[in-house]
Amino acid sequence: MDREEDETLDKTAEKPKNINFIPTLILVSIILLIAGMNIFVGAPRHDIFNITDFSFWIVFIALPLLGNVYNKVKEREA
């Protein structure tokens with residue numbers, strides 16, 4: 001009986017979700033650093049770090065968000 005109960009408990013126990021927030025935290029830190037430097041120091045020489053340039057928003061905002069959405073969709077399919 002105990003063995004059967006253990007097996008049913010193992011099957012019914014919910015697996016904790018793997019919350020991996022470290023890469024997101026690092027990305028947000030980099031974005032805040034770049035935005036702060038743009039505001040307080042001035043516009044950088046490279047367009048990729050200029051918050052008024054469209055490429056900054058594509059590289060640092062849109063691509064990571066799309067990557068997260070893609071990973072969540074792949075997890076649901078599996």
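Guide: Buried means under 20% relative accessible area, exposed means over 50%, and partly exposed is what falls in between, using a 1.4 Å probe and protein chains only. This is a predicted model, where local features need pLDDT of at least 70, side-chain atom pairs count only at pLDDT 80 or more, and totals for chains, interfaces and linings use all residues. Residues are numbered from 1 along each chain as its sequence is written, and side-chain values use heavy atoms, leaving out hydrogens and water.

Visitor: Thanks! Why is Phe56 called buried?

Guide: Phe56 has a relative accessibility of 1%, and the cut-off for buried is under 20%, so Phe56 counts as buried.

Visitor: How many of the residues count as buried in the protein chain?

Guide: Of its 78 residues, 9% do.

Visitor: And what is the confidence of the model?

Guide: pLDDT is the predictor's confidence in each residue, from 0 to 100. The protein chain averages 80, and 76% of the residues score at least 70. Helix α1 (residues 2–12) has the lowest confidence, at a mean of 56, while helix α3 (residues 54–77) has the highest, at 90.

Visitor: What makes a stretch a helix here?

Guide: A helix is a DSSP run of H or I with at least four residues, a strand is a run of E with at least two, and both are numbered from the N terminus. The protein chain has three helices and zero strands.

Visitor: What makes the pair of Phe56 and Trp57 edge-to-face?

Guide: Let me start with the rule and a neighbouring pair. Rings of Phe, Tyr and Trp (its six-membered ring) pair if their centres lie within 6.5 Å; planes under 30 degrees apart are stacked, over 60 edge-to-face, and the rest tilted. The count by this rule is three aromatic pairs. Phe49 and Phe60 are one of them, with 6.4 Å from centre to centre and 35° between the planes, which is tilted. Phe49 sits in the loop between α2 and α3 and Phe60 in helix α3, so this pair ties together parts eleven residues apart in sequence. Now for your pair: the ring centres of Phe56 and Trp57 are 5.1 Å apart and the planes stand at 85°, so the pair is edge-to-face. Ring pairs join Phe49, Phe56, Trp57 and Phe60 into a cluster.

Visitor: Is Phe60 buried or exposed?

Guide: Phe60 has a relative accessible area of 14%, so Phe60 is buried. Phe49, at 35%, is partly exposed, and so is Trp57, at 42%.

Visitor: What does the side chain of Asn38 lie 2.7 Å from?

Guide: A polar atom of that side chain lies 2.7 Å from the backbone oxygen of Phe49. Asn38 belongs to helix α2 (residues 22–40) and is buried, with a relative accessible area of 12%. Contact means heavy atoms within 4.5 Å. Leaving aside neighbours within four places in sequence, Asn38 is in contact with Ala43, Pro44, Phe49, Asn50 and Ile51. Asn50 lies in the loop between α2 and α3 and is buried too, at 13%.

Notes:
A polar contact is a pair of N or O atoms within 3.5 Å; within protein, one must be able to donate a hydrogen and the other to accept it, and residues adjacent in sequence count only if both atoms are side-chain atoms.
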